[in-house]
Amino acid sequence: MIDIHSHILYGVDDGADTLFETLEMAEIACENGTRVIAVTPHCNLSDDKRNFWNEGLKDRFLEVKDAVKKAGLPLQLLPGQEIFGKGEIVKHLKTGELITLNGSRYPLIEFPFNERSENVFKKLQAVIAEGFVPVVAHPERYGFVSENFDSLLKLKKMGCLLQVNTGSIDGVFGHTAKNMAIKMLNHHTVDVVASDAHSPFMRSPNLGDAHEYLCENYSTEFAERLLLKNPRAILENKTI
Ligand SMILES: [Fe+2]
């Protein structure tokens, strides 16, 4: 399986704290069938928490990649970011301060949970106008989505891809997010399921349970599409 949303890079956000934790997360991912992870640290949060892609982040990425290899884990790490949907995203994507998933046309973008739908549409439209295809992180957790399911259909119509968290399916984020995740699965509005892993313990990088759930409640083909084929197409910059 392929995980396009993970805070496995240690010491850069609220994800893994240490290299030891990073390696524990890598091990859990491997044990549960993940073979590729895009590292997606939070960024563009505010002036003092921008976490723009720079030499420091690149070095951390290469250090972790090397440590995973030395640990003998069959896991490929690829670069990415989880971009906070505020400010001048397009400008920073063009300068390389913000990066897409593995250099593809697909940036992973999140929003404040209480963001107004008008602001979300406007921000994403500006990104789309520049030729990018936004992957919207965990829409099942946003207030404007729970208020109006049609807003998801509008996002799809605009050309966005929708990524649901494994934790939402599990119920980690409460009934509202869980019900929305299931509704989205039932209506085939989900393009990717990813872990959004933050640690080896809570919100872990295990995709195995979601795979089992999707196989049992939908089909093996459906599970493979959301956990392997679509994420692979994104990371290879192919069309879904
Ligand atoms: Fe995240």
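## Getting to know this model: worked exercises

Just after α10, Asn-237 has a positive phi of about 60 degrees. Helices (H or I, at least four residues) and strands (E, at least two) are DSSP runs, numbered from the N terminus. This is a predicted model, where local features need pLDDT of at least 70 and side-chain atom pairs count only at pLDDT 80 or more, while totals for chains, interfaces and linings use all residues. Residues are numbered from 1 along each chain as its sequence is written, and side-chain values use heavy atoms, with hydrogens and water left out.

**Exercise 1.** Check whether the span of α10 agrees with its number of residues, then look for a kink.

*Solution.* 
- Step 1: Helix α10 covers residues 220-235, which is 16 residues.
- Step 2: The expected span is 1.5 Å times one less than the number of residues.
- Step 3: That rule gives 22 Å for α10, and the end C-alpha atoms are 22 Å apart, so the two agree.
- Step 4: α10 also has a kink of about 40 degrees centred on Leu-226; the bend at a residue is the angle between axes fitted to the seven residues ending there and the seven starting there.
- Step 5: Several residues of α10 are buried, among them Phe-222, Leu-226 and Pro-231. Buried means under 20% relative accessible area, exposed over 50%, and partly exposed in between (1.4 Å probe, protein chains only).

**Exercise 2.** Follow the chain from β1 to β2.

*Solution.* 
- Step 1: Start at β1 (residues 2-6), where five of five residues are buried.
- Step 2: β1 pairs with β2 (residues 36-39) in the parallel sense over three bridges; two strands pair if DSSP finds at least two bridges between them.
- Step 3: Within this pair, Asp-3 stands opposite Ile-37 of β2.
- Step 4: Right-handed means that, with the strands pointing away from the viewer, the path from the first strand over the helix to the second runs clockwise.

**Exercise 3.** Find which residues coordinate the iron ion, and describe the site.

*Solution.* 
- Step 1: The donors come from His-5 (NE2), His-7 (NE2), Glu-82 (OE) and Asp-196 (OD), at 2.1 to 2.2 Å. Donors are N, O and S atoms within 2.8 Å of the metal (3.2 Å for Na, K and Ca); water is not among the atoms, so sites may look incomplete.
- Step 2: Along the chain, the donors follow the spacing H-x1-H-x74-E-x113-D.
- Step 3: Glu-82 in strand β5 (residues 82-84) and Asp-196 in the loop between β9 (192-194) and α9 (208-217) are 114 residues apart, so this pair links distant parts of the chain.
- Step 4: The angles among the four donor atoms run from 80 to 171 degrees, and the site is irregular. Four donors count as tetrahedral if all angles lie between 85 and 135 degrees; four count as square planar and six as octahedral if opposite donors are over 155 degrees apart and all others between 65 and 115; anything else is irregular.
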